[in-house]
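Have the chain open beside this text and follow the parts as they are named.

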Amino acid sequence: MVRGEDFPMGIKRDVIDLGFRMFGATGLHRLAARYTQGMGAILMFHRVRPASHEAFAPNGGLEITPEFLDLLLTRLKGQGFAIVSLDEAVTRIRDGAGDAAPFVALTFDDGYRDTAHVALPILEKHGAPFTVFVTTGFADRTARMWWVEMEEAIAALPAVRIEAAGRLFDLPAGTPEEKQAAFEALYWPLRAGEERELLRVTGALADEAGVERIDLVDELCLNWCGLRKLSEHPLATIGAHTLTHPMLAKHPDGFARHEIFESKAIIEREIGREVKHFAYPVGDPGSAGAREFVLARQAGFASAVTTRPGMIFPEHASHLTALPRLSVNGHHQSLATLDILLSGAPFMLWNKGRKLSVA
Ligand SMILES: [Zn+2]
């Protein structure tokens, strides 16, 4: 999770679309790639499931179809990318890759059931290693997926009337368009504010709509039995994604430390193997910064990934707990977009010519 992680804040979607069209029309990204592609990339996925075709699907950016995953893996191999495990990616970053082909590492956040049931057969078909970042509270059915609560509540309610983030919202939600507008109106101020208020508001809306919060988690996420089975798969690596999926940077030191250290310990105990990789929930600069990068290192992780977009460069060897990822976004399920992203050219523009975003 979450939406809006895949592009830097403050860049409007139409500007981004214009950029994609410009690269697509000129092929400039292919010329730039030798300077901008670096060693490769870590891709981020969430859900993989057949297209729902629902008119109100505000979290649609977080899912792709199995057909697109299959096409994407075929394309990566066709273009000469080596699909590697995160262990191998870290080894290459640390030791240098010499003349090796650029790599791609695949990561799936949150521990969804469809990772094991829909994505896995496709990954197997391609012999593609992958990492699943597990939030222990989702496996335990004790943590909350507030972005799903918000979606399900607004889908069920004819109107949204609630005091949130110090404002009174009174929004119609009768049509899919109204529901989308209501979701957008609530989502951004709540996500920008305190996590406690975010959870209070989404919980209240879910209660009003008769949506059972924990049932949502149970429906969407693997339990420990499923995760243990997945962890035994030769292509799978299990990583940690905290206890409760908080935006860590908004919380005190002790809380952030506990979420990072304890999730590693619990997953190791449950699956009986070392957990070497970590993903920061939400993962943007407002959720994971310098303090979190240090904590992940202190916890003993070999790597930790953000959702800041960017390619991997040799200089990341000094920043292995602040690695960027490319979101494979459900709103951009096209191979042309994938090609442009993997050239690295857009990030050099967005990062104003800097290769790394690690502060
Ligand atoms: Zn997540």
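**Two helices and the spaces in the model**

In helix α7, residues W146, E149, M150, A153 and A156 meet E195, L198, L199, T202, G203, L205, A206 and A209 of α9. Contact here means heavy atoms within 4.5 Å, and helices (H or I, at least four residues) and strands (E, at least two) are DSSP runs numbered from the N terminus. By class, the residues of this contact are nine nonpolar, two polar and two charged. Ala, Val, Leu, Ile, Met, Phe, Trp, Tyr, Cys and Pro count as nonpolar, Asp, Glu, Lys and Arg as charged, and the others, Gly among them, as polar.

This is a predicted model, in which local features need pLDDT of at least 70 and side-chain atom pairs count only at pLDDT 80 or more, while totals for chains, interfaces and linings use all residues. Residues are numbered from 1 along each chain as its sequence is written, and side-chain values use heavy atoms, with hydrogens and water left out. The mean pLDDT (the predictor's confidence in each residue, from 0 to 100) of the chain is 91, and 94% of its residues reach 70 or more. Over residues 4-10, pLDDT stays under 50. Where pLDDT is low, the predicted coordinates should not be read in detail.

Now the spaces. The largest pocket has a volume of about 530 Å³. A pocket is an open set of points on a 1 Å grid over the protein atoms alone, with protein on both sides within 12 Å along at least five of seven lines; a cavity is a set where a 1.4 Å probe fits but cannot get out, and lining residues have an atom within 4 Å of a point. Grid points are joined across faces, edges and corners, and a volume is the space filled by probe spheres set on the points.

Which helix gives the most to the lining of the largest pocket? It is α7, with five residues. The lining divides into 11 nonpolar, seven polar and seven charged residues.

There are also three cavities of 30 Å³ or more. The second largest cavity, of about 40 Å³, is lined by residues including P309, H316 and K355. Its lining holds four nonpolar, four polar and one charged.
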